[in-house]
Amino acid sequence: SLVHNQAHFFRTLNKNRIEMVKNILATEDDILEPAMADFYAYYVRKDCCGAYDRTCMDMPVLYEYAGFFLQTLSGSGYLMRRDSVIRNLTRYYSVLIIDRANEENINRHGIDIRPHIDLTLTDLRYQDNLLFRDKYIARLQRLQQKYRQ
């Protein structure tokens, strides 16, 4: 099951996307945060998946990836082998995607976002080398309040 999940992840992303991400991670540490923010903003736009945009992943696909990283042993294992900045930012954006999936009523696996918010918030509080750490923490705290109700 673990190998199947990981193989699916790599097969779906395809070689070009993986190479692009690896290049950014290896050579562009100083732009990693803004790049991830831009990717997130691009992919969650309502008009992202136009008829001619073959690079787009719509919300159901993003939801599956977020669930992979947050809910599976294979996804967690993958993140644990990465730098703490990459791991924490991936978890952060995965939480945002699950929140959006909840708002759009497409959380088909019933992922409980609350423990992931708490874990990500705790990890980000100790991650002192992020440019926008305070912004991430504030947003996660708002999500904590939202899901307490």
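Q: How many salt bridges does the structure hold?
A: The structure holds 6 salt bridges, each being a side-chain nitrogen of Lys or Arg within 4 Å of a carboxyl oxygen of Asp or Glu. Keep in mind that this is a predicted model, where local features need pLDDT of at least 70, side-chain atom pairs count only at pLDDT 80 or more, and totals for chains, interfaces and linings use all residues. Residues are numbered from 1 along each chain as its sequence is written, and side-chain values use heavy atoms, with hydrogens and water left out.

Q: Why would such side chains pair up at all?
A: Side chains of opposite charge can pair when their charged atoms come close.

Q: OK, which side chain does Asp 123 meet in a salt bridge?
A: Asp 123 meets Arg 91, at 2.8 Å from N to O. That pair links distant parts of the chain, with Asp 123 in helix α6 and Arg 91 in helix α5, 32 residues apart. Helices here are DSSP runs (H or I, at least four residues; strands are E, at least two), numbered from the N terminus.

Q: And is Arg 91 buried or exposed?
A: Arg 91 is buried, at 12% relative accessible area. Asp 123 is partly exposed at 24%. The cut-offs are under 20% for buried, over 50% for exposed and in between for partly exposed, using a 1.4 Å probe and protein chains only.

Q: What does Glu 103 form a salt bridge with?
A: Lys 146 is the partner of Glu 103, and their closest N and O atoms are 2.6 Å apart. Again the pair links distant parts of the chain: Glu 103 is in helix α5, Lys 146 is in helix α7, and they sit 43 residues apart. Glu 103 counts as exposed at 52% relative accessibility, while Lys 146 is partly exposed at 32%.

Q: Which salt bridge does Asp 112 make?
A: Asp 112 pairs with Arg 114, at 2.9 Å from N to O. Asp 112 is partly exposed at 34%, and Arg 114 is partly exposed too, at 45%. As for shared partners, salt bridges join Asp 99, Glu 103 and Lys 146 into one network.

Q: Switching topic: what's the overall makeup, in helices and strands?
A: The protein has 7 helices and 0 strands, so from the N terminus on the elements read α-α-α-α-α-α-α, helices being the DSSP runs I described.

Q: How much of the protein is buried?
A: Buried residues make up 41% of the 149 residues. The accessible surface comes to about 9100 Å², and 53% of that belongs to carbon and sulfur atoms. Those areas come from the Shrake-Rupley method with a 1.4 Å probe, and for residues only the protein chains shown count as cover.

Q: Back to α6. How many residues does it have, and how far does it reach?
A: Helix α6 (residues 114–125) has 12 residues and reaches 17 Å from its first C-alpha to its last, close to the 16 Å expected at 1.5 Å a residue. The expected span is 1.5 Å times one less than the number of residues.

Q: Which residues in α6 are buried?
A: His 116, Ile 117, Thr 120, Leu 121 and Leu 124 are buried in α6. Seen down the axis of α6, they fall within an arc of 130°, so they line one face of the helix. The arc is taken over the directions from the helix axis to the C-beta atoms.

Q: What do they pack against?
A: The buried residues of α6 pack against α3 (59–71), α5 (84–103) and α7 (133–148).

Q: Where's Ile 137, and what is it in contact with?
A: Ile 137 is found in helix α7. Leaving aside neighbours within four places in sequence, Ile 137 is in contact with Leu 121, Leu 124 and Arg 125, contact meaning heavy atoms within 4.5 Å. The C-alpha atoms of Ile 137 and Leu 124 are separated by 6.9 Å, with the two residues 13 apart along the chain. Ile 137 counts as buried at 12%.

Q: One last thing: what's up with the phi of Asn 105?
A: Asn 105 has a positive phi of about 55° although it is not a glycine. Most residues other than glycine have a negative phi. Asn 105 has its place in the loop between α5 and α6, and it is exposed at 70%.
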